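Please open the structure in your viewer and keep the selection panel at hand. The tour below goes from one selection to the next and says what is found at each stop.

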Amino acid sequence: FVKLQIDAIDPTVDLVLLTIGGNDANFAEVAMFCFFPSMRDANQCARALGKAEKAIDGYIHSELLDTFRKIRDRMTRDGEEEPRGKIVLVDYPFIVLDVDFTLTDEVINLSPVELTRKMGNQYKELQQKVVDQINKETTGGEFMVFFKMTKEIFDGHEVDPREGHVNPDAWIRTNGTTSITEAYHPNNLGHKALGNALAQEGSFGVAGGPAFNCTTVQPFLGSGYSGKVGKPISFKAFGSYDPYGYDITSYEWDFSNEGSFDTVTQEPFAVHTFNEPYKGYVAVRVTSKSGSAVAKAFVDVNEKGYNSQRE
């Protein structure tokens with residue numbers, strides 16, 4: 001789905017904010033085998049951490065450079081040497097508290113909290129190097145900004161991985177209340193805290209005024225989904241928020257992008273089954289006291305059950 005997001009950018013876009021690289025750094029397997037209670041396994045955790053370290057030390061550097069160069073090209077107007085906008089690369093939080101926690105088997109005894117935090121800092125350093133390199137090769141200099149305060153913002157609000165322990169102040173989705181696909185990502189409080197911190201930066205130096213001058217609810221539906229015909233797909237609008245802190249009162253879902261809404265929920269997610277192939281957009285209208293706004297995301301539903309754009 002990265003290509004779809006890049007292709008949606010043109011020279012009129014003046015600010016791009018993103019996190020990137022977590023999946024490439026094997027984030028999912030590390031969370032699954034090192035911390036998710038029903039799937040924790042010392043051997044699998046060690047392998048997942050090894051793959052993550054190899055990725056951070058290897059190919060991710062070139063993939064990040066390639067992605068940011070493509071975004072820069074899309075943002076640059078014909079006849080001009082440099083883009084007028086900026087990219088803001090947002091660092092990831094740590095996902096678990098800094099507590100004593102070990103996984104063991106017959107031959108392995110490891111501390112996944114210590115190791116994942118070490119790699120999180122290594123990836124932070126890698127991101128800074130990439131930002132510096134892109135700025136060095138871009139006419140005009142400060143094309144990219146690295147927002148590196150995420151770990152500090154989330155400090156003390158991570159998941160407690162210990163058996164029988166729960167962090168009541170967690171801003172990370174905990175394994176006790178969500179599925180493995182949703183666990184270990186920021187919850188609504190985390191998104192709000194990070195959004196507020198980013199808003200304090202104003203326009204990040206982009207001409208034309210503050211980037212976060214929001215006057216109505218801000219919907220969020222993610223970047224893309226894929227699934228198999230006849231199988232349910234979960235659509236998530238967890239990142240939606242109201243700039244004034246009002247509660248979101250409804251989420252209205254349009255699964256055919258025809259302008260009419262098929263179902264309404266009070267929770268920021270909905271499940272839908274497509275009974276025939278569909279390649280297009282799904283929309284959600286989010287409503288709060290501040291007003292209503294619509295977000296859309298691409299979905300690819302086919303007989304194989306994966307994104308056919310990759311073929």
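Is Arg 84 buried or exposed? In this predicted model, Arg 84 has a relative accessible area of 53% and is therefore exposed, the cut-off for that class being over 50%.

Next, select Arg 72 and Glu 137, whose side chains meet in a salt bridge at 3.3 Å, N to O. This pair links distant parts of the chain, since Arg 72 lies in helix α4 (residues 60–75) and Glu 137 in helix α5 (residues 112–137), 65 residues apart. Arg 72 is buried at 14% relative accessible area, whereas Glu 137 is partly exposed at 34%.

Move on to Glu 252 and Arg 285, which form a salt bridge of 2.8 Å, N to O, and which bring together strand β8 (residues 248–254) and strand β11 (residues 278–288).

Now select Cys 34 and Cys 45, which form a disulfide with their sulfur atoms 2.0 Å apart. The torsion about their S-S bond is about 100°, so the disulfide is right-handed. Cys 34 is buried, with a relative accessible area of 0%, and Cys 45 likewise counts as buried at 0%.

Finally, show the surface and select Asp 98, Asp 100, Glu 114 and Asp 155, which gather there in a patch of negative charge. Asp 100 sits in the loop between β2 (86–90) and β3 (103–104), and at 74% relative accessibility Asp 100 counts as exposed.

Terms used. Residues are numbered from 1 along each chain as its sequence is written. This is a predicted model: local features need pLDDT of at least 70, side-chain atom pairs count only at pLDDT 80 or more; totals for chains, interfaces and linings use all residues. Side-chain values use heavy atoms; hydrogens and water are left out. Patches are made of residues with over 30% relative accessible area and no salt bridge: like charges are joined within 9 Å, nonpolar side chains (Val, Leu, Ile, Met, Phe, Trp, Tyr) within 5 Å. Accessible areas come from the Shrake-Rupley method with a 1.4 Å probe; for residues, only the protein chains shown count as cover. A salt bridge is a side-chain nitrogen of Lys or Arg within 4 Å of a carboxyl oxygen of Asp or Glu. Lys and Arg count as positive and Asp and Glu as negative; His and the chain ends are not counted. The place of a charge is taken as NZ of Lys, CZ of Arg, CG of Asp or CD of Glu. Helices (H or I, at least four residues) and strands (E, at least two) are DSSP runs, numbered from the N terminus. Buried means under 20% relative accessible area, exposed over 50%, partly exposed in between (1.4 Å probe, protein chains only). A disulfide is a pair of cysteine sulfur atoms within 2.5 Å.
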